[in-house]
Amino acid sequence: MQALALAILLFPAAGGIFLGVFNWRGSRLLTAMVGPGVIWAAFVCVLILLGNNVDQDFTYWTWIRAGSFEVPFDILIDHLSLFMCLVITGVGGLIVTYAVGYMEHETDGSYARFFCYMDVFVLAMLILVLAGNTVFLIVGWAGVGLSSYLLIGFYYWRRSAVIAARKAFVMNVIGDIGMILGAFVLFVSYHQVVYLKLFPALPHTPDATTELAAFLLLVGGIAKSAQLPLHTWLPDAMEGPTPVSALIHAATMVTAGVYLVARFHPLYDATIYAHAAVAIIGAVTALFAASIALVQTDIKRVLAYSTMSQIGYMFLAVGIGAYSAGLFHLLSHAFFKALLFMAAGNVIHALHDDQDMRHYGGLWHDMRRSSVTFLAGSLSLAGIIPFVGFFSKENVLGEAFSRGDGLGYAVWFIGFVTAVLTGFYTGRMWWFAFWRPASEERPVAGHLHEAPLVMLVPVAVLAVLTTVGGFLQIKAIGGWALVDDFLKPVLGEERIRTNGLEYLATVLTLVLAALAFAAAYNFWIRGTWSPAGWRARYGWGARVLERKYYFDELYDWAFVRPLDRLAGFTDREDRSLIDTGAVDVGAYTERGAGALSLTQTGFLRSYVLVFVAGVVIAAVLVLWRASS
Amino acid sequence: MLIRRNPLVMLICIELMLNAVNLTLVAFSRQLNNREGQLFALMTMTVAAAEAVVGLAILVDIFRVRDLEDVDDLSELKG
Amino acid sequence: MGPATIVFWLASAVALAGGLGVVLFKEPIRNVLSLVLVMLSLAVLFLLLSAQFVFAVQVIVYAGAVMVLFLFVITLLGPVREQGTVRLPWQIFISAVVIAAFAGFLVAMLRGVSYRTPDAADPIFGSVQSIGVGLFTDYLFPFELTSILLLVAAVGC
Amino acid sequence: MIAAAQVTYTAAQAWSDLAQIGPIVAVTVALLVAVVVDLLLPRGLRGPVVTVIAIVGLVSALAIAAYRLVNGYGGPAYFRFVSGDAFALFFEMLFALIGVLAVIVSSSYVRRRGLYEAELQVLTLAAIVGMMSLAAAGSLVTVFLGLELLSIALYVSCGYNRIELPSQESAAKYLIIGGFASAFVLYGMALIYGATGTTVLSDIATRVTSDSAGNPLLLLGVLLMGVGFAFKVSAAPFHMWTPDVYQGAPLPVTAFMSVATKAAAFAMILRVFNYGLGHLGPEWQVLLAFTAAASMVVGNLMAIVQASLKRMLAYSGVAHAGYILVGVLAGGRAGVAAVLFYLFGYVFMNFGAFAVVSTLSGPAGDGDLYEDLNGLAYRNPTLGVLMSVFMLSLAGFPPMVGFFGKVFLFTAGISAGWTWLVVLAVLTSVVSVYYYFRVLFHVWSPLPEAPVRFAFGPVRGPVTVVLLAGVFAVALGPLSGFLLQVGLNGAAPLLSGR
Amino acid sequence: MLSAIWILPALGGLIVCFLPRGAARVGAILVALAELALTLVVAATFDASHHGYQYAEQASWIAQFNVSYHLGVDGLSVWLLVLNALIGALAVLATPAAWPRASAFLGLMLLMESGMAGVFLSVDLLLFYVFWEAMLIPAYFLLWLWGEGERPNYAALKFVLFTLVGSLLMLVGVLGEYVFSSAHTFDLPALAAQPPSPAIQFGLFALFAAAFAVKIPVWPLHSWLPDAYMSAPTPFLLLLAGVMGKTGAYGMLRVLLPLNPHPVNWWDWNWVLPVLAVIGIAWGALLALAQRDLKALVAYSSISHMGFIVLGIFALNAQGQEGALVQMLNHGIIVPALFLIVAWIYARTGSRDRSVLTGLAPAMPVLAGVFLVVTMAALGLPGLNSFVGEFMTLLGAWQLSPWLAVAGCIGLILAPIYMLRLFQGAMYTEVAGPPDHPAEGVVRKDMARGELALIAPLLALMFVLGLYPYLVVHALPALGQGMQVLHW
């Protein structure tokens, strides 16, 4: 079993290295085979491990040992990590197979390079999930940051992609530092690094260190999952190719924050403020992102903001203690968001990489199969009844509602409003892009050729999962909760007792979301409330939303520009203060020497004079010494 | 010695100083009643003589090259 | 005030005058002559200090031979008065100050010396015989050194 | 009839006394033979023959000194006027070595400059006799006579190049100030004699006890002698003569003078102050501390702005005098041994540097400016490398002997409590690195197109000397343990008095 | 065995100096590789369990001051020796055939390498000092005679004078140590056993710290570094940046801390230096941000990295100091790689100005890939080697005081910004088109096989040390007893 656990990591690693180093100029077919194949192999290993119901911490070698600080290289296999591995390798495999088709017009070099980066990403994500101690978690954490930098900046001949990549990476590093400091606090106060030893050592009553550690880890989570303060990199990350957005910015990477809180649930249970902060940040981000999504014209940006909003939901869930609900929403989100991205990818691919929704229209008629799958995804996103989205979102909102205290209701209400907004912008996206008759500027006027099979099959699989997946946990409507049972050994008992009321809330959100979706129809198509009219009256609101609440400008003004000025200042200072300081010393000695040499006049008599003067001084000294 | 500018006079001043030393030596010899002082005085006399001879030789050389009567002219070497 | 003390004061006065003369006279020849005067007065003092042999050497060798050599050289090189540009104006002033300080030290230091009254000198103290014996027994090595010294002086000029 | 004082001086004792001062005798014999030969031989033959005689004399002196140093040292001789102890033998060996080097370098230099060779060798021999007797001095009289003999020999050799004015000017300056200073020394000695009643150092050592510090005679004597010695060592306030004299005098004389006089003067200081007036420690240590500090600062600072190599080396000599004074101040066995070690090392460093400069001088005149060194390493690689070795050693870089000398000096200094002086020494030696590296800059700067002033012919003689000095400078580094032991033995007799 | 480690390059260097160009190059490579093999043998047979010095060689040198020629290697110095030999070999290999006066250059490089090996080997304080100064002389000549830039001599002289002020003060410290410590010897373990009183330790600490601070360099004494690095020729720069800085840090660990454990008088030195280190980290990072020239950027970034090392050393606990040592090795691997790459870019494009360089990635994809890995290692990406060092250093600093660790993190945040500016500035700005049809102007000049072979060992080490730092770390607990100040 130990070898198999390591194999999960070795497969993607081997794939990455092979593609990166050897197959760099090799055949495209080989690349197409190795890329996704390696991930499916990892998927198979996960399944085997799942089958044997392995629940063990495998240690391989000592990574660092400095006195009492001992960090082994160990992999923790338990239901939570297997659950995440399933998501990563499963959905990841689908996306990478989809990418084989999507990227075929790339050159040989870039093709191999793309798949190498994808494999490296999956490897890093697996390390993150499987790591058995905080330090290795950080290694995975930064590895994911690196691969997102590489993939966002994949089209490096586009300046905007390069800038976006760097921005994403710096944001991630800030998150890493939060994680590192959190690891310090944990080690310094509890002298443990390995999870299985650390969690029992944690106190049950909240005190300063647990709060501090929880907050610091939260900083890492926020940066990675693009929550409110550190979220500006996600929309720019859309510069990367669509499969990248699908895999990283929908299914796996952005959910790392949720996994983190779930994994450190003993720590978060032992804190009040940090735990509440998670929920609040999640809720606020959900609302914030949903509002911006309303006015976005680029389809991928809409999806990006919707991702941010959905992750807000997940943070909300884990923030109020409903860890398994959060993870179930994570699973469902992985399904329908990947589906939406890939379907959008099909459209973009067909329309020669045009991402602007205004040029779409008439897709229902021209690309029937992709439109159907996109519809399934949209309905699931909006939270309509049969789809998985409904069950997971309602599950989260239900838990929030039934938590019973002030935080629970406040958070539920924000979630409810966001659900409505989500319904609206999803509807807007569907009607405006797909249902509307073809717009004039559509790049390909005639019949759009549907995506090749290799792209359609993964989309179809995900569509099926989106529709059927809901039945995994229909707790929202009082049914069974398979996911909760699966995760019970790791996450412990459910903390929130459900009472009857939240079914009422669920029905309410369902109806309103459906209405919002329909409202979008006549808003955009029939024009009963013309967009232009709204924009005239609430112009300023639109502009604020479009400018993403001016966060980018704020960061630029607050951090980037002063940093450059400070750097310039230190550069000048370094030259003037220290450098000349040292050089001056040399200059002064030189000048002193010059003055001294004047005394050497060459006249004999002045020499004798100096001689006698010396005698006098010596006499004074000897006298002073003799007398003292 | 400090004031006069003629090198010859300087040599004479040195002789004067050495004479003074002789006087002190003989005085101490008498006071301590041992003859070392006087012998030492004799030694200094011979040394003074030798020095005078060499001094004059060098000065004669310089005078032969150029008529110098002021020691301050001797100031090519400086700085 | 026995005759010895009178002679002592007289000789030391003459020596002082000669010394001043050496320094202050403008004419080099006058300087040399005043130095001879100093030497002779010193010789008299030596006599008082019962250093007969040294007196003789001083008079014959030092005053006689060396001073004559000086006279000869000065007359050869032209006994012109000292004038010409004064290159170091401040030299005189500063050297005066320095000399005053130095003299002050000498006096201050020596005032505290307590002199032992010398006991009576036996007759052969300063005589040629005792100097001779001393020279060739105790001072043998220095004696040889002086011979080398004179050799070098001869070779040198 | 006045009874002659009965003095017994048996023949056996005469021989043993003579043996004590074997090296001095050897050099004197060589000197006399050289003078006689100089008179008899025809003009052409004179130079080389005298040189050979000089070398033979010096080598035999070296052999005698080494032999005596190895198996048992002698005691005082000639009524304690001179002594053959380890201290004296160490210096006699050192001076003989310097003499050999000097004679070789000067013979080829003089021939190249078309000067008259024989006299220079004679004068050098005379100077060495003076120095040896100075080092071996047992009494103030010998000290004075040795000092005067040395000085007069050097006055004459400075003025050796009769045709050129600078040489004569340097001789005149050196003579007048030298006379002035020796008058001071003499007066100091007279006062010490007056206070203690004897001129023999060992008696003085016994008579001068720590409580006699109040005696003004002693104080004044110490002051005056201290001033004279500082002059001879060219320590700071009294160093004014050094640069002019070094620049004016012919090169081998400068080389010899810079090294030999310093060593002899330090021997004298050690003899008189450390040994003779040991108990008056605080008094003369204050004096030397002042001169040491001043010479370190003045020496190093002035050296920076010099354009001429000889003047730069003169000032570096002043600075090194300051460093060695730290050892003298430290006193004790470690201090004296450090001084001896440093002097031995300094001799080779400095002499080597001067020898390299002397190879530059052609018939036209001494190659004295930095520019003359340009591209030396490319014209004559051995000279270039060796010059760098000397400069680095003077600057105190580790593999070379200079560094170890400084280490021992400073260790003695710190353990004797002169920490502030050691720190000053360290800081000023950083300044010294600046001008030593300026020399390196010129030596190694790529060969200029314009032909340098002195394209010099085959100079086997000085090159061998430089090579020998270089080997000593580098080899002594690691072997410093051995040399330090010799120094320690040398220091032993000196301190037995206290 | 140990004497061979420093004598071999010394002799080799001297011989190579006088060989003609071709033979000199071959000879130098042989000597360098032999040296590498020797150090590897020592490292391999080094058993970690044994405390104290292994392969110790002792012979009395200057008995009067009981100075002994005492060599020994322990956990601290074994890997630094290997680093010294490796970088030395790379430097010799990196010297192109058509190098002016190649034989003298290679000879001096080997001499410098032997000096540094001596520093790592010597256990006797005076011997340490002798090697410490001896390695300076070849460095001066290398920096000056083969220096690029407009005033190589000024830079070389400034470098020497700066270092000398420090090391001569250290000389006073060394002698003071001999005099004031009751052990009256120069042997490090013996001196560490009887430290003098805190007041004297205070003074001695200041003296020693001056020398080491200049060499590393620590913040206020770093102004020689830009001049020296900018005018140093690349092969020499590998040694200068890669290993010479480490001798300073090693000196702190070997000499400074054990000999004066608590230098407290007017103020506690053990607090002053970590603060200076942190300022250095921030200062170096900020300066790196402001640089336009790639080489200057890397130079300033190395000030920031060295700041981490000093911070680790003065954390005075196991994690901090072990992190410092690992960081020394990492920095010794990364900086030479960076300088090599900058030199290759300069060779290909003729300029080092960040803004002038246009997109090079399409022209040299392999170089771009290697440059990417090295940049990631340099900015401390977890998983690669530099992270391990920085993590443990900051952990140690956190235990000293949380604020120090937080301030240290500034360096961690700034690092990616300036490193990515370095990388993207050269590789990606204004790339004309997708890689397969690069812009006309950019001629495809990808990495030659030789260059790849040159940087391959460094890359491999980056990964190995990243994934398995235990290889180095396990030797550490067997540190010399001189380290008992560290309450493990």
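How many of the residues of β2(A) are buried? In this predicted model, 8 of the 9 residues of β2(A) are buried, and the strand is mostly covered.

**The hairpin of chain A**

- Strand β2 of chain A spans residues 69-77 and runs antiparallel to β1(A), to which 9 bridges join it.
- Phe58(A) has Ile75(A) of β2(A) as its bridge partner.
- Arg65(A) is bridged to Glu70(A), also in β2(A).
- The hairpin of β1(A) and β2(A) has 2 residues between the strands, and Gly67(A) takes a positive phi there, near 65°.
- β1(A), residues 56-66, also supplies at least two residues of the side of chain A that touches chain E.

**Helices of chain A**

- Helix α3 (residues 79-102) and helix α15 (residues 323-350) of chain A pack with their axes 11 Å apart, at an angle of about 5°.
- Because angles under 35 degrees count as roughly parallel, α3(A) is roughly parallel to α15(A).
- From α3(A), the contact is made by Phe83(A), Val87(A), Val91(A), Leu94(A), Ile95(A), Tyr98(A) and Tyr102(A).
- From α15(A), the contact is made by Leu327(A), Leu331(A), Ala334(A), Ala338(A), Met342(A), Gly345(A) and His349(A).
- By class, 12 residues of this contact of α3(A) with α15(A) are nonpolar, 2 are polar and none is charged.
- Spacing along a helix matters here: an α-helix has 3.6 residues a turn, so residues three or four places apart point the same way.
- Helix α10 of chain A, residues 242-251, is mostly covered, with 10 of its 10 residues buried.
- The buried residues of α10(A) include Thr242(A), Pro243(A), His249(A) and Ala251(A).

- His191(A) is not a glycine but has a positive phi, near 55°.
- His191(A) lies in the loop between α6 and α7 (195-201) of chain A.
- With 13 other C-beta atoms within 10 Å, His191(A) is partly exposed.
- Ala226(A), again not a glycine, has a positive phi of about 50°.
- The loop that holds Ala226(A) is between α8 (208-224) and α9 (233-236) of chain A.
- Ala226(A) is buried, because 28 other C-beta atoms lie within 10 Å and 20 or more count as buried.
- In chain E, the peptide bond from Ile216(E) to Pro217(E) is cis, with omega near -10°.
- Pro217(E) is placed in the loop between α9 (198-215) and α10 (224-231) of chain E.

- The contact between chain A and chain E takes 42 residues from chain A and 46 residues from chain E.
- On the chain A side, the elements that each supply at least two residues are β1 (56-66), α4 (108-130), α5 (134-152), α6 (159-190) and α25 (551-598).
- α6(A) provides the largest share of that side, 12 residues.
- The side of chain A that touches chain E has 28 nonpolar, 8 polar and 6 charged residues.
- Chain C brings 23 residues into contact with 30 residues of chain D.
- On the chain C side, two or more residues come from each of α4 (89-111), α5 (128-136) and α6 (140-156) of chain C.
- With 12 residues, α6(C) gives the most to the side of chain C that touches chain D.
- That side of chain C has 16 nonpolar, 6 polar and 1 charged residues.
- Chain B and chain E are joined by no contact, and their closest C-alpha atoms lie 25 Å apart.
- Chain C and chain E do not touch either, with their nearest C-alpha atoms 37 Å apart.

**Chain D: make-up and confidence**

- Chain D contains 20 helices and 2 strands.
- Of its 498 residues, 71% count as buried.
- Among contacts in chain D between residues at least 6 apart in sequence, 80% join residues at least 24 apart.
- Chain D has a mean pLDDT of 80, and 88% of its residues reach 70 or more.
- Over residues 452-456 of chain D, pLDDT stays under 50, and the model has 13 contacts beyond four places in sequence for them.
- Where pLDDT is low, the predicted coordinates should not be read in detail.

Notes:
Residues are numbered from 1 along each chain as its sequence is written. Chains are lettered from A and ligands numbered from 1 in the order in which they are written. This is a predicted model: local features need pLDDT of at least 70, side-chain atom pairs count only at pLDDT 80 or more; totals for chains, interfaces and linings use all residues. Helices (H or I, at least four residues) and strands (E, at least two) are DSSP runs, numbered from the N terminus. A residue is buried if 20 or more other C-beta atoms lie within 10 Å of its own, exposed if 12 or fewer, and partly exposed in between; C-beta atoms are placed from the backbone. Two residues are in contact if their C-beta atoms, placed from the backbone, lie within 7 Å. Ala, Val, Leu, Ile, Met, Phe, Trp, Tyr, Cys and Pro count as nonpolar, Asp, Glu, Lys and Arg as charged, and the others, Gly among them, as polar. pLDDT is the predictor's confidence in each residue, from 0 to 100. Two strands pair if DSSP finds at least two bridges between them. Axes are lines fitted to C-alpha atoms, for helices over the stretch in contact, and angles run from 0 to 180 degrees between N-to-C directions. Angles under 35 degrees count as roughly parallel, over 145 as roughly antiparallel, 65 to 115 as roughly perpendicular and the rest as oblique.
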